[in-house]
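Open your viewer and get ready to select residues as we go.

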Amino acid sequence: KILLIAILAASLSGCAGTVTLYPANDIAQKAGVITAEIKKYGMGSGPIKLTMPDGEILTGQYTVMVGGSTVFGSVYASVYGPEGARSGTGTSTMVNIPNSSPGVANAAGPKGTTVYCEFQNNNMAGHGYGACKISNGALYRMQY
């Protein structure tokens with residue numbers, strides 16, 4: 001009984017993780033690499049917090065659709081392209097990776113800056129990759 005309570009408490013307390021956003025276009029290159037902090041609760045969703053280069057803090061949520069499949073939209077295709085290479089004109093691309101699930105993240109800040117991300121989560125290792133678009137047009141490759 002004590003072991004069960006300890007496991008439950010650990011899964012609900014969450015552990016922190018770092019997400020790194022690498023520039024994928026000229027606008028993002030000017031801002032540089034951005035890091036974000038996430039809390040993993042083992043429930044497929046949780047809070048996300050990004051600190052922008054100008055100090056603005058964006059807060060929001062990520063969600064992993066465990067066991068789901070999806071066709072990513074224009075953000076993912078704009079960074080990786082339909083063939084896996086960087087492309088600014090793609091409109092969608094299919095991602096199908098064994099033992100993984102698609103996810104999205106949204107965050108906003110007090111100055112009006114927003115970010116939207118599409119990613120694939122490795123369900124076995126808890127790591128993943130994807131793409132993000134900031135409201136100023138900056139595109140980023142996401143890795144965690």
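**Before you start**

This is a predicted model, in which local features need pLDDT of at least 70 and side-chain atom pairs count only at pLDDT 80 or more, while totals for chains, interfaces and linings use all residues. Residues are numbered from 1 along each chain as its sequence is written, and side-chain values use heavy atoms, with hydrogens and water left out.

**Stop 1: colour by confidence**

Colour the chain by pLDDT, the predictor's confidence in each residue, from 0 to 100. The protein chain averages 80, and 74% of the residues score at least 70. Now select residues 3-13, where pLDDT stays under 50 and the model has three contacts beyond four places in sequence; contact means heavy atoms within 4.5 Å. Residues 85-92 also stay under 50, with 27 such contacts. Where pLDDT is low, the predicted coordinates should not be read in detail.

**Stop 2: the largest nonpolar core**

Select Leu21, Leu50, Val115, Tyr140 and Met142. These touch the most other members of the largest nonpolar core, which has 23 residues. Such a core is a set of buried Ala, Val, Leu, Ile, Met, Phe, Trp, Tyr and Cys residues joined through side-chain atoms within 4.5 Å. Buried means under 20% relative accessible area, exposed over 50%, and partly exposed in between (1.4 Å probe, protein chains only). Several strands supply at least two residues each, among them β1 (15-23), β3 (45-51), β8 (114-122) and β10 (139-143). Strands here are DSSP runs (E, at least two residues), numbered from the N terminus.

Centre on Leu50: beyond four places in sequence, its contacts include Leu21, Ile34, Leu58, Ala107 and Val115. Then look for another core, apart from the largest one, with seven residues including Val75, Tyr76, Val79 and Ala131.

**Stop 3: the partners of β10**

Show β1 and β10 together: they pair antiparallel over four bridges, where pairing requires that DSSP finds at least two bridges between two strands. Leu21 stands opposite Met142 in β10. Tyr129 has Gln143 in β10 as its bridge partner. The two strands β9 and β10 form a hairpin with four residues between them, and Gly137 in the turn has a positive phi of about 95°.

**Stop 4: a disulfide**

Which cysteines form a disulfide? Select Cys117 and Cys132, whose sulfur atoms are 2.0 Å apart; the cut-off for a disulfide is a pair of cysteine sulfur atoms within 2.5 Å. Cys117 lies in β8 and Cys132 in β9, so the pair ties together parts that are 15 residues apart in sequence. The torsion about the S-S bond is about 110°, so the disulfide is right-handed. Cys117 is buried at 3% relative accessibility, and Cys132 is buried at 0%.

**Stop 5: an aromatic pair**

Select Phe119 and Tyr144. Their ring centres are 5.8 Å apart and their planes at 85°, so the pair is edge-to-face. Rings of Phe, Tyr and Trp (its six-membered ring) pair if their centres lie within 6.5 Å; planes under 30 degrees apart count as stacked, over 60 as edge-to-face and the rest as tilted. Phe119 belongs to β8 and Tyr144 to the segment after β10, 25 residues apart.

**Stop 6: Asn106**

Finish at Asn106 in strand β7, a partly exposed residue at 40% relative accessibility. Beyond four places in sequence, Asn106 touches Ile48, Thr59, Gly60, Gln61, Val115 and Tyr116.
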